[in-house]
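Open the structure in your viewer and follow the stops below. Each stop says what to select and what is there.

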Amino acid sequence: MFNGIDGTLIGFFTALALFAAVAGSILWFTVRTGSSPTPSGPALRRAILAAVAEAEANAPPGPIIEIGGGWGGLARALHHRFPHRPVVVFEPSWAPYWVSRLLSPRSAANRPRFKNRAVRSEDLAAGAVAVAYLAPETMKRLAPLFHALPPGAAVVSAMFAIPGWTPGMTLTADDLYKSPVYLYRT
Ligand SMILES: C[S@@+](CC[C@H](N)C(=O)[O-])C[C@H]1O[C@@H](n2cnc3c(N)ncnc32)[C@H](O)[C@@H]1O
């Protein structure tokens with residue numbers, strides 16, 4: 001039988017082990033993918049939504065594809081702002097993936113769909129707008145995938161440009177860094 005102190009210690013070490021497992025997995029996926037699950041701030045998110053509004057107005061039918069959903073905040077904002085478009089989110093890191101799934105609206109029609117893996121080129125083949133807030137190296141690695149998007153589709157990339165591509169439009173977030181948001185048409 002455990003006394004009160006033993007029980008408290010067991011609870012403490014269980015919580016510590018869980019915390020270490022979650023933190024370790026986030027670190028592992030950050031190193032593996034090159035991007036941490038840092039959420040976009042309010043001003044950057046507003047600029048991303050404005051760029052997606054511009055992009056999707058002339059895009060073919062199809063979903064908005066978020067590459068790297070992080071904790072799901074942008075996915076929920078995309079769903080609210082563009083209810084007529086399905087939102088599909090790719091997030092390989094399991095902790096943010098599960099948090100975003102749990103916080104996402106369940107009953108809403110067209111609710112965001114989450115996939116616990118990295119995006120592949122075939123995922124983009126029917127997409128209308130691909131949205132990314134990743135890292136410079138990740139954008140370089142993913143650049144060839146964007147050729148799979150159909151004609152008239154768009155890529156919206158927050159902060160980091162696609163190397164070798166010329167944006168059709170660049171918006172600036174009203175934040176401290178005047179963060180750029182690039183809009184590319186395929
Ligand atoms: C900066 S966070 C995204 C934040 C989120 N978009 C937002 O605005 O709140 C970048 C995420 O991209 C994910 N990621 C990195 N490479 C990826 C890939 N190839 N496919 C899908 N997700 C990826 C990382 O796991 C990380 O959680």
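Start by selecting S104, which is buried, with a relative accessible area of 6%. Buried means under 20% relative accessible area, exposed means over 50%, and partly exposed is in between, with a 1.4 Å probe and protein chains only. This is a predicted model, in which local features need pLDDT of at least 70 and side-chain atom pairs count only at pLDDT 80 or more, while totals for chains, interfaces and linings use all residues. Residues are numbered from 1 along each chain as its sequence is written, and side-chain values use heavy atoms, with hydrogens and water left out.

S104 lies in the loop between α4 (94-103) and β3. Helices (H or I, at least four residues) and strands (E, at least two) are DSSP runs, numbered from the N terminus. Show R76, P112 and F114 as well: S104 touches these, not counting residues up to four places away in sequence. Contact here means heavy atoms within 4.5 Å.

Next, select V89 in strand β2. Is V89 buried or exposed? V89 counts as buried, at 1% relative accessibility. Leaving aside neighbours within four places in sequence, V89 is in contact with E66, G69, A75, R113, F114 and K115. For a distance check, pick V89 and A126: they are 37 residues apart in sequence and 14 Å apart in space, C-alpha to C-alpha.

Now move to helix α3, residues 73-81. Its buried residues are G73, L74, A75, A77, L78 and H79. What covers these buried residues of α3 includes α2 (42-57), β1 (64-67), β2 (87-90), β3 (113-115) and β4 (129-132).

The last stop is the ligand. Which residues come nearest to the ligand? Of the 24 residues around it, these are T38, S40, E66, G68 and E91; a residue counts as near if one of its heavy atoms lies within 4 Å. β1 and α6 (136-142) each supply at least two residues of the shell around the ligand.

- S40: an N or O atom of the side chain is 2.6 Å from an oxygen atom of the ligand.
- E66: a polar side-chain atom lies 2.7 Å from a nitrogen atom of the ligand.
- G68: a polar backbone atom is 2.9 Å from a nitrogen atom of the ligand.

The protein covers 98% of the 610 Å² of accessible area that the ligand has on its own, by the Shrake-Rupley method with a 1.4 Å probe.

Terms used: A polar contact is a pair of N or O atoms within 3.5 Å; within protein, one must be able to donate a hydrogen and the other to accept it, and residues adjacent in sequence count only if both atoms are side-chain atoms.
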